[in-house]
Amino acid sequence: MSSSEQKTVILAADIVGYSRMMEVDHGATLEALRNVRDTIVEPCIAAGGGTIIKRLGDGWLAAFDGCSDACASAIKIQDLLADDGAPELRIGIHEGPASFVDEDVFGTGVNIASRLEALAKPGGIAISDAVFVNLSIGLRVSFENAGARVLKNIAEPVKVWAFGGIPPTAMTSEPISILLENFVEEASPDTLSPEIVEATAIELEKYRWLHVLRPDNEGAPSKYILNATLRRSGDRIRLTVHLSARHDRRRLWSERFDRIVIDEFELTDELGLALALRISAEIDAHEKVQAHMRPPEQLNAGELSARANDLMSSGQSDGFDEADAMLTRAVALEPRNTSAQIQKSFVGYRKAMSGAWPVHATLAAAIQPAIDVVRMDPKMPGGYVMLASVNGMMGKTEAALEAAAQVERLNPNAWGAPHGRSVAYTFAAPDWARTHDPEALHAVSNAERTLELAQSSKFRSGHLFFLGIAQLLHDAPDLQPGISILERSAGAAGSNWWPSLFLALAELRRGNRQVAQQHMAAAHILFPALSLSAIADIFDRSRLWPVWQVELEQLPEIGLFT
């Protein structure tokens, strides 16, 4: 037995669907394998200076001295196999330490090459960054950046480059896992802890992007951990909770909940909901921070969606095209990633709100990804949220309300349901509004419910706007409650020009022309191309237009373009 360890370029290749082919036609498959082996794979490896280390039935391990030789051989193999009817191969290549024992090879270099081979697309090649940096310029252009990937049983993510298309990022479709540990009860004879854990799990499971692990799943891998301590004194309880990242146990969020025990069922339901709202918001924020630490070309589909969402939350329309480009890449990486499709719909919705793009064409394009999401996963609330919002803004009120009702059926505590209704009631046609919501009571109640459920939302400015507008419609004789809320909306992070516009209209109605002019100037800062035509494109079919038509016609007198 002889053994040596050295830095080696390892090529791993495998025939795609070999087992299935054998079941269909055993003899023909063996003949095809022999043909591929004798006329293409092994001659190409030998011509590139490689050595076959091991034959694996339907695959090969080969060693090369140079990265360029290995990649050139792999590309030649895939080019020759591109003919119709030939079996497809996946190939992975990595340069790393390998130990040669008799006629076999072991080590990290082999393990990573094998994982890369499994990652590659059929007919494609996946190589590590360690290989890519050593390629000639002529070979580098054949590979695309597929980002950093987590490979099974490999401690650190590996940056991957792909020939033949970006491999799908299977991990992006997997929900983010959170383990709810048993809550420790101190100085308490109660058994409230398991009930609170279960109530929290039930609420969290309504978020389809989260995978909830119960205490009896403790051996299962999880990305986040929630634990808590419960103390009781008489009829008072104190629940102290901590959310941590599993890999380093670093605490991401801690909070104390003090409650009076009157009805235990109501208490556990209330705490379960409160915890789920905060946990989902904190995990979402942490995931976005992590995504920001890497360049866009290294992000997977889910991370691209989160980055795009952050760009849109800024309210700056010059970032919407960048967000749109990220989402286009996310959908290309993983067409069935519902998060990417939802965000694709959302960026169209935000573009339409900005007024900087053709409103009706942009909304028409925005609704298609939402329809696709509902087709792919009828139980995904986010698809219906976008159907409610986009249909609502288009004035398709009944369709919007039905979509919002579906959101509520799937997740009663999602703020998307009342928000969708807020949009629908605000943009309802005048005749419909006079019949169904003449006093704007539904508009007010849904906007208030949205703010109650979306306390950590980065789009709070928009939620405040819909409440402010609803208050103006409801309290027509007294504009001050609506004005106060719109002022909060205009001052919130990510605000667009809508609050400033309606503040100007309200002040014109109150006769405060100078204040109205200041608000109009603020709207122009946010959208320099703002004009009466742009406002009409968004609002002229809604119930708002006739209510504010007199003031809208005065806007050119205080600095608005016609």
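The model is predicted: local features need pLDDT of at least 70, side-chain atom pairs count only at pLDDT 80 or more, and totals for chains, interfaces and linings use all residues. Residues are numbered from 1 along each chain as its sequence is written, and side-chain values use heavy atoms, leaving out hydrogens and water. Searching the whole structure gives two cavities of 30 Å³ or more.

**Terms**
- A cavity is a set of points, on a 1 Å grid over the protein atoms alone, where a 1.4 Å probe fits but cannot get out; lining residues have an atom within 4 Å of a point.
- Volume is the space filled by probe spheres set on the points, which are joined across faces, edges and corners.

**Largest cavity**
- Its volume is about 70 Å³.
- The lining includes Val359, His360, Leu363, Phe427 and Arg541.
- Helices H13 (359-376) and H23 (532-539) each give two or more residues to this lining; helices are DSSP runs of H or I, at least four residues, numbered from the N terminus.
- H13 provides the largest share, three residues.
- The lining has six nonpolar, three polar and three charged residues (Ala, Val, Leu, Ile, Met, Phe, Trp, Tyr, Cys and Pro count as nonpolar; Asp, Glu, Lys and Arg as charged; the others, Gly among them, as polar).

**Second largest cavity**
- This cavity has a volume of about 30 Å³.
- Phe502, Ile535, Phe539, Leu544, Trp545, Trp548 and Leu552 form its lining.
- H24 gives the largest share, four residues.
- Seven lining residues are nonpolar, with no polar and no charged ones.

Note on methods. 1 Å grid on protein atoms, 1.4 Å probe; cavity = no way out; pocket = protein on both sides within 12 Å on 5 of 7 lines; lining within 4 Å.
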